[in-house]
Amino acid sequence: MELHSLKPAAGAVKKRKRIARGIGSGHGRTATRGHKGAKSRSGFKNKRNFEGGQMPIQMRLPKVGFKSPNRKEYTAINLERLQSIADKYSLTKVDQEALVKHGILTKTELFKVLGAGELKSKLEVHAHAFSASAKQAIETAGGTATVA
């Protein structure tokens, strides 16, 4: 075997289809574009989501959902979790800084104290919001609940 005798496998190499190169090529005249219509003409560009004039699916389906730009999303922290955090890190004051320091919240997160669970120790809690039951439970335990 020598370099000049190498040939590709049979059927591996196909001839390129040369369109619009005369009638004799078999791809002349309409140049494989069919007859008339926008698609046969130069410069045709289909619009995204165009369905041939039929009402597009994104217009047929109902529009749902809305998010107010003024909404505030809180991370919920229950009383039982607050108690476990206070016990674990021996805290008497629980606020944003303390929770960020111990990796429970991020700097920008807002948190709300909810009333699930039981609070045993006297805590000074500074949160962005409280549920009524959480505020009552904190004050019953002898602590203070302050909105930051």
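V113, V125 and I138 touch the most other members of the largest nonpolar core, a set of 20 residues in this predicted model. A nonpolar core here is a set of buried Ala, Val, Leu, Ile, Met, Phe, Trp, Tyr and Cys residues joined through side-chain atoms within 4.5 Å. Buried means under 20% relative accessible area, exposed over 50%, and partly exposed in between (1.4 Å probe, protein chains only). Five elements each supply at least two residues of this core: α2, α3 (96-101), β3, β4 (124-127) and α4 (132-140). Which of them gives the most to this core? That's α2, with four residues. Helices (H or I, at least four residues) and strands (E, at least two) are DSSP runs, numbered from the N terminus. As background, nonpolar side chains in soluble globular proteins tend to be buried together.

A word on ground rules: residues are numbered from 1 along each chain as its sequence is written, and side-chain values use heavy atoms, leaving out hydrogens and water. Since this is a predicted model, local features need pLDDT of at least 70 and side-chain atom pairs count only at pLDDT 80 or more, while totals for chains, interfaces and linings use all residues.

Now zoom in on V113. Not counting residues up to four places away in sequence, V113 touches I77, L79, L82, V125, A127, A129, F130, S131, A134 and I138; contact means heavy atoms within 4.5 Å.

Two strands pair if DSSP finds at least two bridges between them. β1 and β3 are joined by five bridges, while β3 (residues 110-114) and β5 pair over two bridges. Here are some facing residues:

| Residue | Facing residue | Strand of facing residue |
|---|---|---|
| N78 | L114 | β3 |
| K112 | A129 | β5 |
| V113 | F130 | β5 |

Stepping back, the protein is divided into domain 1 (17-63) and domain 2 (75-147), with bounds from an automatic or database domain assignment. Their C-alpha centres lie 64 Å apart. An unreviewed UniProt entry places "domain: Large ribosomal subunit protein uL15/eL18" at residues 77-146. Over residues 77-146 the chain is 37% helix and 26% strand, with its end C-alpha atoms 15 Å apart.

R29, in the segment before α1 (57-60), has a positive phi near 50°, and R29 is exposed at 74% relative accessible area. A31 lies in the segment before α1 too; phi of A31 is near 55°, but A31 counts as buried at 11% relative accessibility. Most residues other than glycine have a negative phi.

Conventions: UniProt positions renumbered as here; feature names shortened; annotations may be inferred.
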